[in-house]
Amino acid sequence: MTTARAERAVDRAWPLLAVLGAGLFLVAVDATVLHVALPDLVRQLRPGASAQVWIVAIYPLTAAPLLLPFGTLGDRYGRRRVLVTGYVVFGIASLGCAFAPNVPALLAFRALLGCGGAMIMPVTMSLLRELFPEQRHRRTAIAVCSGIAGTGSVFGPILGGVLVEAWGWRATFLLNPPVILPAVVLALLWLPRNPPGRGPWDALSAALAAGGVLGIAFAVGHPGSWTTAVASGATGCVLIGLFLRRQRRTDPPLLDLTLFRRPGVRAAVGGVLLVMSTLVGLGLLFAQYLQVVLGLSPTAAASRLLLVLGASAVGSVVTPSLLGRFGNARVRTAGFAVAAVSLLVPAAGSAALTSPVLLGVGLTGLGLGMALALTSSTDTLLSATSADQAGGAAAVEKTGYELGAGFGTTVFGSLAAAVYAGHLAVPSGVPEPARVLALSGPAQAETAASGLSSQLADELLAAAKAACTTGLQVSAAVACGLFVVAVVVSSGEPRR
């Protein structure tokens with residue numbers, strides 16, 4: 001009877017997984033959807049250069065430090081309550097962003113959007129621990145949600161481009177409420193009420209963790225000077241140190257630090273950081289390459305990047321059975337290896353990148369490898385703790401997710417920009433203002449070429465496309481090297 005009751009509970013949980021996955025997808029998409037929509041937004045609201053950076057950065061900078069506080073708050077006061085509140089906040093903030101009359105209002109609602117996302121992400125993943133108590137079913141659910149979260153960030157810029165092409169930048173936010181509204185209703189109807197956790201919620205620990213992660217996230221995203229970034233990072237490390245010290249002395253702690261002494265946990269956190277850095281950082285570079293160099297429309301570029309999404313979906317199907325047979329460490333190592341081999345395609349340069357077959361193979365392999373690595377890492381973290389502390393473990397995973405996304409955008413974006421500027425062979429005869437503009441990036445090179453003669457314009461555009469390709473090639477080679485190192489390190493981890 002008990003087994004039959006458990007099976008019926010799992011059957012009821014699968015439809016709810018679609019609801020949870022939809023919310024998680026929107027949160028992931030909104031982290032990167034404005035990268036392509038920003039030019040249209042700039043034409044309408046006319047923000048300054050600094051404001052443009054903050055419009056993009058304020059969402060992850062708000063979400064990252066709140067993940068651990070909200071994840072543990074769900075453990076203490078009820079995950080359904082925190083999740084539904086997150087949905088409502090996210091929906092209201094989306095409407096506010098869509099109808100924002102000016103830049104300050106948009107910044108305020110983007111920050112509120114980050115608050116809603118910080119409630120949704122860790123609680124969604126910790127609910128999988130509760131809804132699917134049996135490991136076999138839970139691994140499948142984790143695979144689905146990990147694939148959704150990982151590919152949502154990559155798909156964001158392309159979806160933003162399609163929506164802007166059809167309706168303008170405000171449509172990127174109007175996509176959210178029609179999905180959030182039924183998610184709220186279904187969550188209230190279907191989600192179980194979990195009993196309050198034991199012991200008080202440590203607000204001081206939550207504040208220290210939030211301040212520490214905010215400092216590190218600000219340093220990673222550094223929407224300002226390098227001096228400010230270094231100071232923020234140092235402050236963040238100090239606050240994290242105080243947080244860790246308090247966890248050792250508080251009973252019960254907000255976050256059980258013994259989690260990080262369990263087999264595979266540290267490798268899993270590193271895996272999440274590496275996967276998200278590569279997915280977001282290279283995803284943005286691929287989106288730029290497909291549209292600027294190959295001249296594809298946002299819709300056509302989306303069709304190419306859907307290979308990553310499709311491969312991740314396949315990975316979500318096969319990973320649970322692989323985890324049951326080979327264990328998390330081996331599957332994670334295999335994911336790193338598949339990703340490393342797949343990155344050899346863009347690292348080979350223009351000959352491979354211009355081949356639809358080779359590029360398709362590379363993108364497919366990258367999506368599959370990421371799914372294997374991300375799913376096994378998430379399963380390691382959620383399985384390493386008890387159900388009543390799953391919010392803390394999920395918050396650690398999602399903090400790695402956010403920091404990895406910010407790190408990938410910064411590092412790979414800066415690397416590609418430096419390589420582009422160093423390899424751009426500006427033709428002689430191009431005026432100095434146009435040369436300086438073209439050095440800023442391939443999209444700016446198109447603007448610079450518009451005021452030149454047809455011959456000079458063609459030469460400048462050809463040079464910009466070649467330099468952009470080199471930037472992607474070098475970035476992919478660096479990512480490939482990082483995954484090779486990850487394979488070596490992960491191979492030495494204890495098997496479980």
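User: In this predicted model, what makes helix H19 roughly antiparallel to helix H20?

Analyst: Helix H19 (residues 442-449) and helix H20 (residues 454-491) pack at an angle of about 175°, with their axes 9 Å apart. Angles over 145 degrees count as roughly antiparallel, and therefore H19 is called roughly antiparallel to H20.

User: Why is Ser126 called buried, and what does its side chain reach?

Analyst: Ser126, which is found in helix H5 (residues 103-131), has a relative accessibility of 1%. Buried means under 20%, so Ser126 counts as buried. The side chain of Ser126 reaches the backbone oxygen of Val123 at 3.0 Å, and a polar contact requires N or O atoms within 3.5 Å.

User: Which residues have the most contacts inside the largest nonpolar core, and what does Leu106 touch?

Analyst: The largest nonpolar core has 139 residues, and those with the most contacts inside it are Tyr87, Leu106 and Leu128. Helix H11 (residues 265-293) contributes the largest share of this core, 17 residues. Not counting residues up to four places away in sequence, Leu106 touches Leu41, Leu45, Ile55, Cys97, Ala100, Trp169 and Phe173. Another core, of seven residues, lies apart from the largest one and includes Ala57, Ala64, Ala217 and Phe218.

Conventions:
Residues are numbered from 1 along each chain as its sequence is written. This is a predicted model: local features need pLDDT of at least 70, side-chain atom pairs count only at pLDDT 80 or more; totals for chains, interfaces and linings use all residues. Side-chain values use heavy atoms; hydrogens and water are left out. Helices (H or I, at least four residues) and strands (E, at least two) are DSSP runs, numbered from the N terminus. Buried means under 20% relative accessible area, exposed over 50%, partly exposed in between (1.4 Å probe, protein chains only). A polar contact is a pair of N or O atoms within 3.5 Å; within protein, one must be able to donate a hydrogen and the other to accept it, and residues adjacent in sequence count only if both atoms are side-chain atoms. Axes are lines fitted to C-alpha atoms, for helices over the stretch in contact, and angles run from 0 to 180 degrees between N-to-C directions. Angles under 35 degrees count as roughly parallel, over 145 as roughly antiparallel, 65 to 115 as roughly perpendicular and the rest as oblique. A nonpolar core is a set of buried Ala, Val, Leu, Ile, Met, Phe, Trp, Tyr and Cys residues joined through side-chain atoms within 4.5 Å. Contact means heavy atoms within 4.5 Å.
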